[in-house]
Each structure stands twice: as structure tokens, then as C-alpha cells.
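Let's walk through this model one piece at a time.

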Amino acid sequence: MEPTPTPLVLAGARGHGRWHLENIRRLTAQGLVRLAGVCELSPLSAEELGDGLGTPEQSTDLADLITRTGARIAIVCTPIHTHADLALAAAGRGAHLLLEKPPAPSYAEFTRMAEGLRARGTACQIGFQSLGSHALTAIGKLVSEGAIGQVTGIGAAGAWARDEAYYTRAAWAGHRRLDGRDVIDGVLTNPLAHAVATALRIDGADRAEDIASIEPELFRANDIEADDTSCVRIRTTRATTVTVAATLCAERPGEPYVLVHGDRGRITFWYKQDRVLLERPGHEPEATDHPRTDLLENLVAHLRDGTELLVPPPRTGAFMRVVEAIRTAPDPVRLPADAWRTEPGVGAAPSAKRRVVPGIDRLVAAGAERLALYSELRAPWAAPPAEVPHP
């Protein structure tokens with residue numbers, strides 16, 4: 001007999017939550033899940049909800065909604081600084097979790113949440129979708145077989161663009177703190193957090209104890225509190241240097257990637273596309289595309305038959321060490337007015353505008369290629385880095 005669909009609730013169904021709503025619709029059609037409830041500040045309209053999801057209950061109280069619906073899973077896609085409290089509230093009512101990244105705005109909040117979930121026996125999946133890519137297994141196999149020789153470092157690059165309106169879409173957007181609470185909504189901790197987490201997973205250094213030191217450089221072209229153009233160099237206890245360079249002020253936005261350097265070749269992984277490119281002297285480049293396991297499907301399988309979770313909280317501990325280093329670093333340096341320009345935005349609104357940092361695309365790529373920070377690449381607006389030792 002086929003198992004009955006797993007009932008779930010979605011907290012935060014607008015904004016990025018719309019992606020989750022579509023994924024739930026897909027899995028509902030497969031008979032895997034059933035949307036029992038939606039938690040939002042104002043109810044979704046029938047048009048927002050769309051077809052194929054029935055008539056889920058709606059509420060502003062997540063814990064009460066879980067109790068009333070008997071939901072077995074809660075998807076939490078809410079502002080960063082609400083994650084820990086909502087996750088613990090959901091767990092307290094017996095729901096397991098798919099929690100959006102970043103899991104928390106500080107290492108202390110992450111630890112409080114993780115310990116609380118563990119004490120309750122709650123299964124929790126952190127929403128780094130790139131870590132469900134089968135390309136990671138393929139890359140690991142290539143490295144272990146010596147396809148690129150000895151790994152000499154891992155770089156990651158993300159050159160994206162966001163309109164100025166991106167930072168006014170919600171009260172917490174672009175903030176490091178709000179009403180006395182940490183938010184840490186920076187380029188490396190939120191929109192391009194996957195680049196950091198994926199690079200660390202490839203190195204096999206994704207747990208908190210795997211980090212030796214962290215050097216962040218944080219900058220902002222936009223009129224915000226958080227950073228939009230930053231880089232970080234991480235040294236792991238495996239003696240690997242991992243450097244991530246990112247911006248939301250790109251001249252020509254492109255697909256982010258992770259670059260695994262070896263002494264006899266390199267591997268490039270475009271993690272949003274699940275595409276891998278192997279390059280070695282004396283060989284033709286080899287490109288391969290890979291499937292991906294959806295994290296909600298993986299969580300359902302875990303609850304049904306014990307399938308191992310792909311992204312449980314401990315496997316994001318190293319990423320959270322990076323978040324903590326960024327949280328405790330000096331506030332991002334405002335770029336001088338001559339270091340950026342305004343261009344028409346990428347949004348649909350005719351009045352949309354965005355800020356562009358000339359030369360940043362080249363700097364982001366060079367950071368991943370050379371494992372160097374912006375200051376070392378002689379960006380005219382970058383100051384020397386300050387190393388943050390592992391506690």
C-alpha cells in the first residue's frame with residue numbers, strides 16, 4: 001500500500017516562500033506531501049495559493065497551526081532573525097523541519113536552536129539546496145582518484161546584481177541588526193551563502209570544528225547597513241585554503257561557481273546548474289551534468305525510512321562559523337562615491353535602479369582563481385584584512 005502524503009505547513013509563503021509553494025505543488029502531485037497549513041502575516045489569496053494544493057488552513061501562529069493540522073513537517077522561510085524561535089516552537093509541537101538558510105544570524109543562536117532540536121529528537125534539514133546535488137559525489141570521486149592531483153585550494157565566485165528595491169522589500173533586508181537583534185543579511189551570509197557552504201562541503205570541512213581561521217573583507221556600495229560586495233578566506237583544519245568572493249553589484253551578472261584547484265588540473269562546479277567541468281593538461285575538457293535530490297523529498301524519506309539527511313544542522317556548523325566571523329567583524333566599509341555607478345535595474349519596474357561597481361566581475365573571478373582577498377588584488381577601495389582566529 002502506498003504511504004499517505006506527509007502533512008506539512010509552510011511558514012513564509014511570499015517572497016522566496018513562493019519557490020517552496022511551487023515545490024510543494026510538485027510533490028503534492030506525486031503524492032508525497034499535503035499542504036495542511038500556511039502561516040503568514042496576512043492570508044494568501046486563492047490566486048496566490050494557485051491550483052493543486054486544496055484549501056489549507058491559514059494562521060499567523062505557527063505553533064497553533066501545527067497543532068490544529070497535525071502537520072509532521074514545518075517549512076520555515078521567514079526573516080533570518082526569526083528562524084531559531086520558530087524552529088523551536090515548531091519542534092515543541094512535534095513537527096520536523098526544513099529551515100531556510102542561513103539557519104541563524106549568530107553562532108549562539110544556531111547552537112541554542114540545534115541543541116533544542118536535538119533534545120526533542122527533531123529532524124532538521126537546512127535549506128542549502130546545492131548540497132543535494134549529485135555533482136558533489138562526482139567531484140569527490142574525481143578528487144579521491146587523483147584526477148586533478150593534489151588539491152591546492154578551493155575558490156568560489158558569485159557576481160550577481162540586485163536592484164536598490166531589493167533592500168526595501170522587507171524591514172530586515174540589508175541589515176546587520178534590527179531592533180537590537182542580529183540579522184546579518186550580507187552577500188556571503190544570505191544570497192550567495194550557497195557558495196560558502198558548497199565550497200566547505202567539497203573540502204569535507206563543513207562542521208564547526210573543521211575551521212582554523214577566517215579572514216573577512218566586507219564592503220557596501222548600496223545605502224545599507226550590511227555588505228553587498230565581500231570576500232572571505234577560510235583556512236580549514238585539513239590545511240585547505242577556501243576563498244569566496246561575491247558581489248550583488250556585478251557589471252554583467254553570471255552563474256556562481258566553485259573552483260577546485262589541483263596541481264594537475266582543476267574542477268569547476270556551477271552549483272545552480274549542477275554542471276561540472278574537469279580541465280587537465282593534455283586532456284580535452286570534460287563537462288558533465290548531474291541530477292539533484294530535493295531537500296524536502298530527502299526529509300520526507302528520512303521520516304519514512306531513515307534515509308540520511310543531506311544537510312542536518314551539524315553539517316552547517318562551519319558555515320555558521322563564517323556567519324559569526326562576519327557578525328563580529330567591523331561594519332562593512334562604505335565604498336566611495338567614485339567606486340560605483342547607477343544603472344537601470346534588472347527588475348520589471350521602469351524606474352528600477354541598481355548600483356554597479358566597475359571592475360568587480362574581474363575581482364570576483366580573480367579571488368576564486370588566485371585564492372586572494374580584494375585587498376591583495378589591489379582593489380583601490382579595499383583595506384588590509386584582519387584575521388579572525390578560530391575560538
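The model is predicted, so to speak of local features a pLDDT of at least 70 is needed, side-chain atom pairs count only at pLDDT 80 or more, and totals for chains, interfaces and linings use all residues. Residues are numbered from 1 along each chain as its sequence is written, and side-chain values use heavy atoms, with hydrogens and water left out.

Let's begin with the sheet. Helices (H or I, at least four residues) and strands (E, at least two) are DSSP runs, numbered from the N terminus, and two strands pair if DSSP finds at least two bridges between them. Six strands make up an open sheet, in the order β3-β2-β1-β4-β5-β6 and with parallel pairing. At its edges are β3 (57-59) and β6 (124-126); each has a single partner strand, so one side of each has no neighbour in the sheet. From one strand to the next, the twist averages 20°. Inside the sheet, β1 (residues 6-11) and β4 (residues 73-76) run parallel and are joined by four bridges, with L10 opposite I75 in β4. Helix α1 (residues 17-29) packs on this sheet and touches β1, β2 (33-39), β4 and β5 (96-99), its direction making about 155° with that of β2. Here contact means heavy atoms within 4.5 Å, while axes are lines fitted to C-alpha atoms, for helices over the stretch in contact, and angles run from 0 to 180 degrees between N-to-C directions.

Now move to D274, in the loop between β14 (265-270) and β15 (275-279). D274 counts as buried because its relative accessibility is 9%. Its side chain makes a polar contact with the side chain of R292 at 3.1 Å; such a contact is a pair of N or O atoms within 3.5 Å, where within protein one must be able to donate a hydrogen and the other to accept it, and residues adjacent in sequence count only if both atoms are side-chain atoms.

Finally, the charges. A salt bridge is a side-chain nitrogen of Lys or Arg within 4 Å of a carboxyl oxygen of Asp or Glu, and the whole structure has 32 of them. One joins E251 and R341 (3.7 Å, N to O), linking the loop between β12 (241-247) and β13 (257-262) to strand β18 (residues 341-344), 90 residues apart. E251 is partly exposed at 23%, and R341 is partly exposed at 34%. R341 also meets E343 in a salt bridge (2.8 Å, N to O).

Technical notes. Buried means under 20% relative accessible area, exposed over 50%, partly exposed in between (1.4 Å probe, protein chains only).
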